[in-house]
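Hi everyone, thanks for making time.

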Amino acid sequence: MSSRSTRRMLKEAMLLLLLALPLAAGVNALRPDGIPLLENFAQREAEAMRLRFKTLSPLQAAALLSEGRAVFVDAREPEAYAMAHVPKAVSLPPKQAAEGKGADLPRDKTIVVYCDGMACGASHAVAEALLRHGLDVAVLENGIEGWIMTRGPLERSE
């Protein structure tokens, strides 16, 4: 086989590949069960976590708090808790929750767990530990950032 015919075959193969890729991408986009080529995996992970835990919006959580039907748990580190937290929130970082602390939280109230915000996983780690104690647990959407954005009250530790 001459180098000229080899080059020609390579060009034809490249041309076929260039034609096939957009066609395959178009068919994939039209199929309802197509392969998720451009999926946001962080968003998918957040959705999976949301499905595992009951979530409450800051307004829903505030309503439970004002009715006395919720206890808030701050899953952030103690320094962040000391700076500002939801009034009467209990500080319970993930390490302490993994050690079994939090089992004495009230069983007749919803335990609303929060951390910094959407990117923080501490609230989910604490919520999972509290679920093992059989508590009614919910994660606060958008954490304390969401709480602040809805003008929820805050208090500081002395």
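Let me start with a question: is lysine 88 buried or exposed? Lysine 88 is exposed, at a relative accessible area of 72%. By exposed I mean over 50% relative accessible area, by buried under 20%, and by partly exposed anything in between, with a 1.4 Å probe and protein chains only as cover.

Before going on, a word on what we are looking at. This is a predicted model, in which local features need pLDDT of at least 70 and side-chain atom pairs count only at pLDDT 80 or more, while totals for chains, interfaces and linings use all residues. Residues are numbered from 1 along each chain as its sequence is written, and side-chain values use heavy atoms, with hydrogens and water left out.

Now the overall layout. The protein has seven helices and five strands, and along the sequence they come in the pattern α-α-β-α-β-α-β-α-β-α-β-α. These are DSSP runs numbered from the N terminus: helices are H or I with at least four residues, strands are E with at least two.

What about the overall dimensions? The C-alpha trace spans about 85 × 30 × 30 Å along its principal axes. The radius of gyration is 25 Å, whereas a compact globule of 158 residues would have one near 15 Å. That radius is taken over C-alpha atoms, and the globule rule is 2.2 Å times the number of residues to the power 0.38. Of the 158 residues, 31% count as buried.

Helix α1, residues 3-30, has 28 residues and reaches 41 Å from its first C-alpha to its last, close to the 40 Å expected at 1.5 Å a residue; the expected span is 1.5 Å times one less than the number of residues. α1 is hardly covered, with one buried residue among its 28. Helix α6, by contrast, is mostly covered: seven of its 10 residues are buried, among them His124, Val126 and Leu130. Serine 123 also sits in α6 (residues 122-131), and serine 123 counts as buried because its relative accessibility is 3%. Leaving out residues up to four places away in sequence, serine 123 touches Ala75, Val113, Tyr114, Cys115 and Val139, where touching, or contact, means heavy atoms within 4.5 Å.

Next, please find phenylalanine 72 in strand β2 (residues 70-74). Phenylalanine 72 counts as buried, since its relative accessibility is 1%. Its contacts beyond four places in sequence include Ala61, Leu65, Val90, Leu140 and Trp147. Lysine 88 is another of those contacts, which brings us back to where we started.

Lysine 88 lies in the loop between α4 (78-83) and β3 (90-91). Its phi is near 65 degrees, a positive value in a residue other than glycine. Most residues other than glycine have a negative phi. Arginine 151 also has a positive phi, near 60 degrees; arginine 151 belongs to the segment after α7 and is exposed at 78% relative accessibility.

Last stop: arginine 156, likewise in the segment after α7 (143-149). What does arginine 156 contact, leaving aside neighbours within four places in sequence? The answer is Ala82, Met83 and His85. Arginine 156 and histidine 85 are 71 residues apart in sequence and 6.4 Å apart in space, C-alpha to C-alpha.

Thanks, everyone!
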